[in-house]
Amino acid sequence: MVGFRPAEVPPTAAVKFIGAGTAACIADLFTFPLDTAKVRLQIQGEGKGAAASHGTAVQYRGVFGTITTMVRTEGARSLYSGLVAGLQRQMSFASVRIGLYDSVKSFYTKGSDHVGIGSRLLAGCTTGAMAVALAQPTDVVKVRFQAQTSSSGLNRRYHGTMEAYKTIAKEEGIRGLWRGTGPNIVRNAIVNCTELVTYDLIKDLLIRNTPLTDDLPCHFTSAFGAGFCTTVIASPVDVVKTRYMNSAPGQYSGALNCAIAMVTKEGPLAFYKGFMPSFLRLGSWNVVMFVTYEQLKRAIMAARQNYTTPL
């Protein structure tokens with residue numbers, strides 16, 4: 001990202017790649033219950049879809065109401081249903097979309113110090129699309145686990161992460177593991193552009209125009225602002241992506257059909273179902289992820305410098 005002080009050595013692409021994946025996993029551990037609550041709210045109201053047939057007829061109200069209902073009816077572990085797939089997703093997904101962002105941005109600008117908004121947007125779209133193409137199966141499994149209720153017992157669709165991958169591939173074909181790739185690419189192009197570019201711009205503006213330096217307060221403010229902007233812009237696509245990935249084969253003919261069905265049956269506000277948990281989750285995830293990411297980069301580079309410095 002921007003704003004390194006002259007005395008600092010910029011981290012390598014490998015450091016950013018590993019640091020982004022690790023930081024994203026740490027952020028997921030803290031914020032996964034909010035993500036699960038978001039998914040439950042987003043699929044609520046689907047009617048006779050696959051989610052409804054597997055026990056999500058329970059009515060959820062608000063972020064904390066959803067979490068409370070889940071703990072009461074399914075137990076506290078239900079808040080972390082799909083965590084294994086979630087961590088697999090972040091290690092492969094965030095490493096690419098965040099860890100390679102600076103390298104791709106530098107490629108588009110041919111190493112120039114002047115980075116325009118167009119280059120930032122193009123880099124965000126590129127790494128977002130690359131990440132989805134690689135990590136889509138993990139996202140499908142994560143959403144399926146989060147959508148199914150733990151109280152349905154023997155009727156649960158999946159009982160383990162590896163079993164879920166095998167079952168989806170067997171029943172829906174390999175293409176089933178890439179269900180929703182189209183809307184997910186659109187969503188992550190939007191998310192990546194908004195999240196990374198906004199973080200990049202806010203951080204740059206704070207460093208250039210305020211007493212803040214490239215440190216914790218600056219990272220915190222930039223990450224929180226990026227989380228809010230991303231939630232506002234990406235929520236409609238996120239809801240469609242969640243519903244389409246969780247749908248039974250044949251329920252929707254495509255992502256566009258899913259969006260049309262939502263508007264027809266539930267109205268346009270359906271696109272903002274789960275907005276509050278989305279914001280709480282994305283805002284807090286961004287803060288934990290970016291702050292951890294920035295500190296990990298510095299720690300790894302400092303350790304490398306100390307290791308290579310002659311005594």
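This tour moves through a predicted model from its salt bridges to its nonpolar cores and then to a surface patch.

Residues are numbered from 1 along each chain as its sequence is written. Local features require pLDDT of at least 70 and side-chain atom pairs pLDDT 80 or more, whereas totals for chains, interfaces and linings use all residues, and side-chain values use heavy atoms, without hydrogens or water.

**Stop one: the salt bridges**

Select D35 and R281, whose side chains form a salt bridge with an N to O distance of 3.9 Å. The term denotes a side-chain nitrogen of Lys or Arg within 4 Å of a carboxyl oxygen of Asp or Glu. D35 belongs to helix α1 (residues 13–43) and R281 to helix α12 (residues 275–308), so the pair ties together parts that are 246 residues apart in sequence. Helices are DSSP runs (H or I, at least four residues), numbered from the N terminus. D35 is buried at 2% relative accessibility, and R281 is buried at 11%. Here, buried means under 20% relative accessible area, exposed over 50%, and partly exposed in between (1.4 Å probe, protein chains only).

Next, select K241 with D139; their closest N and O atoms are 3.5 Å apart in a salt bridge. Because K241 lies in helix α10 and D139 in helix α6 (residues 117–147), this pair ties together parts that are 102 residues apart in sequence. K241 also forms a salt bridge with D238, at 3.7 Å between the closest N and O atoms. K241 and D238 both lie in helix α10, three residues apart, about one turn of the helix.

By the stated rule, the model has 24 salt bridges.

**Stop two: the nonpolar cores**

Select I98, W285, M289, F290 and Y293, the residues with the most contacts inside the largest nonpolar core, which has 20 residues. Such a core is a set of buried Ala, Val, Leu, Ile, Met, Phe, Trp, Tyr and Cys residues joined through side-chain atoms within 4.5 Å. Helix α12 gives the largest share of this core, six residues.

Apart from this core lies another of eleven residues, among them V141, A164, I168 and L177.

**Stop three: the surface**

Finally, select F228, V232, I233 and Y272, which make a nonpolar surface patch of about 340 Å². I233 is in helix α10 (residues 216–246) and is partly exposed, with a relative accessible area of 47%. Patches comprise residues with over 30% relative accessible area and no salt bridge, like charges being joined within 9 Å and nonpolar side chains (Val, Leu, Ile, Met, Phe, Trp, Tyr) within 5 Å. Accessible areas come from the Shrake-Rupley method with a 1.4 Å probe; for residues, only the protein chains shown count as cover.

Note on methods: Helices (H or I, at least four residues) and strands (E, at least two) are DSSP runs, numbered from the N terminus.
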